[in-house]
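Work through the exercises below with the structure open beside you. Try each task before you read its solution.

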Amino acid sequence: MIVQRTLKTLTRAVGVGLHSGERVELTLRPAAPDTGIVFRRIDLNEPVTIPARATSVSDTRRASTLSSGGVKVSTVEHLMSACCGLGVDNLLVDITAEEVPILDGSAASFVYLLQSAGIVAQAAPRRFLRVRHPVEVRQGEGRHLKWARLEPYHGYKLRFEIEFEHPAVNASAQQVEFELGRDPYAREIARARTFGFSRDVEALRGQGLALGGGLDNAIVMDDVKVLNADGLRFADEFVKHKILDAMGDLYLVGQPMLAAYSAYRSGHELNNRLLRELLAQPEAFEVTTFDDDARAPAGLGRLAAAW
């Protein structure tokens with residue numbers, strides 16, 4: 001049987017929020033079967049619990065933000081991506097500010113935290129959300145077109161294409177495909193960093209965003225080149241980070257997916273719209289389990305083994 005997983009013990013990290021610039025302490029704790037990923041704002045007089053769900057997303061400007069009763073936790077996508085990539089189903093995330101720390105700008109630090117705590121099997125079947133019919137959302141037309149799509153697939157595959165008018169991005173690969181269970185998430189996707197343009201920094205900071213961003217936690221570009229002294233981690237790091245974000249955004253459906261995701265110039269807003277459109281069509285999906293690992297998609301049975 002493919003079963004649910006959680007942490008063996010708790011683990012902690014301290015960092016700053018990419019957009020808020022505030023210092024934040026993060027504690028990841030084991031959780032019981034069927035808990036899901038749950039954020040807890042423990043800095044408030046009365047702690048507030050916010051389940052990581054697509055319907056809790058209240059803001060998608062530059063990040064995915066979850067809210068409950070006016071209390072929010074933002075920039076959850078990198079941690080959610082790590083949980084998806086490592087197959088963590090149940091987790092309590094205690095946080096002392098309203099933004100998850102950016103750490104190095106990728107999901108690699110979260111992968112390290114989860115693996116160092118240990119990932120263990122639980123005595124409960126893992127429930128997969130299987131997409132049965134195609135679902136698509138689109139935005140804009142012509143050169144402004146963006147779209148994202150989910151289609152039936154016996155596994156979990158993501159394909160992304162970007163298009164930026166910038167020499168450094170144009171010189172890199174702008175399409176990538178990744179399949180969970182076949183390709184190594186920790187090595188191929190988790191290390192891809194968020195990116196931005198120096199010309200946008202002042203505008204973003206005027207909106208109260210990117211206050212904690214810098215060369216140590218993002219790829220930063222001027223009008224012609226990458227400013228980071230060490231350059232890129234991958235030749236296709238830009239588009240791989242979009243896959244990383246998409247995995248985190250889509251894991252907010254609350255269960256691992258069996259689907260093929262494809263997207264062109266999508267982002268947090270369109271990814272969330274895609275999930276909401278899926279959930280609005282009950283005939284487009286079903287929830288399934290695997291009593292026999294051999295019936296599961298190749299690789300996902302191995303993924304479900306305890307670390």
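The model is predicted. Keep that in mind throughout.

**Exercise 1. The whole chain**

Task: Find how many helices and strands the protein chain has, and decide how its radius of gyration stands against the globule rule.

Solution. 
Step 1. Count the elements. The protein chain has eight helices and 19 strands.
Step 2. Look at the box. Along the principal axes, the C-alpha atoms fill roughly 55 × 45 × 35 Å.
Step 3. Check burial. Of the 307 residues, 54% count as buried.
Step 4. Check the contacts. Take those with a separation of 6 or more: 74% of them join residues 24 or more positions apart.

**Exercise 2. A hairpin**

Task: Describe how β2 and β3 are paired, and sort the residues of β2 by face.

Solution. 
Step 1. Find the direction. β2 and β3 run antiparallel, and six bridges join them.
Step 2. Pick out a facing pair. Ala13 stands opposite Leu26 in β3.
Step 3. Inspect the turn. Six residues lie between the two strands of this hairpin. In the turn, Gly21 has a positive phi of about 75°.
Step 4. Sort the faces. Thr11, Ala13 and Gly15 form the covered face of β2. Arg12, Val14 and Val16 form the uncovered face.

**Exercise 3. A glycine in a loop**

Task: Decide whether Gly17 is buried or exposed, and list what it touches beyond four places in sequence.

Solution. 
Step 1. Locate the residue. Gly17 is in the loop between β2 (11-16) and β3 (23-30).
Step 2. Apply the cut-off. Buried means under 20% relative accessible area. Gly17 has 0% relative accessibility, so Gly17 counts as buried.
Step 3. List the contacts. Gly17 touches Glu22, Val24, Glu99, Val100 and Gly212.
Step 4. Compare sequence and space. Gly17 and Glu98 are 81 residues apart in sequence, while their C-alpha atoms are 8.4 Å apart.

**Exercise 4. A leucine in a strand**

Solution. 
Step 1. Leu7 lies in strand β1 (residues 3-7).
Step 2. Name some contacts. Leu7 touches residues including Leu28, Leu91, Leu114 and Ile119.

Technical notes: Residues are numbered from 1 along each chain as its sequence is written. This is a predicted model: local features need pLDDT of at least 70, side-chain atom pairs count only at pLDDT 80 or more; totals for chains, interfaces and linings use all residues. Side-chain values use heavy atoms; hydrogens and water are left out. Helices (H or I, at least four residues) and strands (E, at least two) are DSSP runs, numbered from the N terminus. Buried means under 20% relative accessible area, exposed over 50%, partly exposed in between (1.4 Å probe, protein chains only). Contact means heavy atoms within 4.5 Å. The radius of gyration is taken over C-alpha atoms; the globule rule is 2.2 Å times the number of residues to the power 0.38. Two strands pair if DSSP finds at least two bridges between them.
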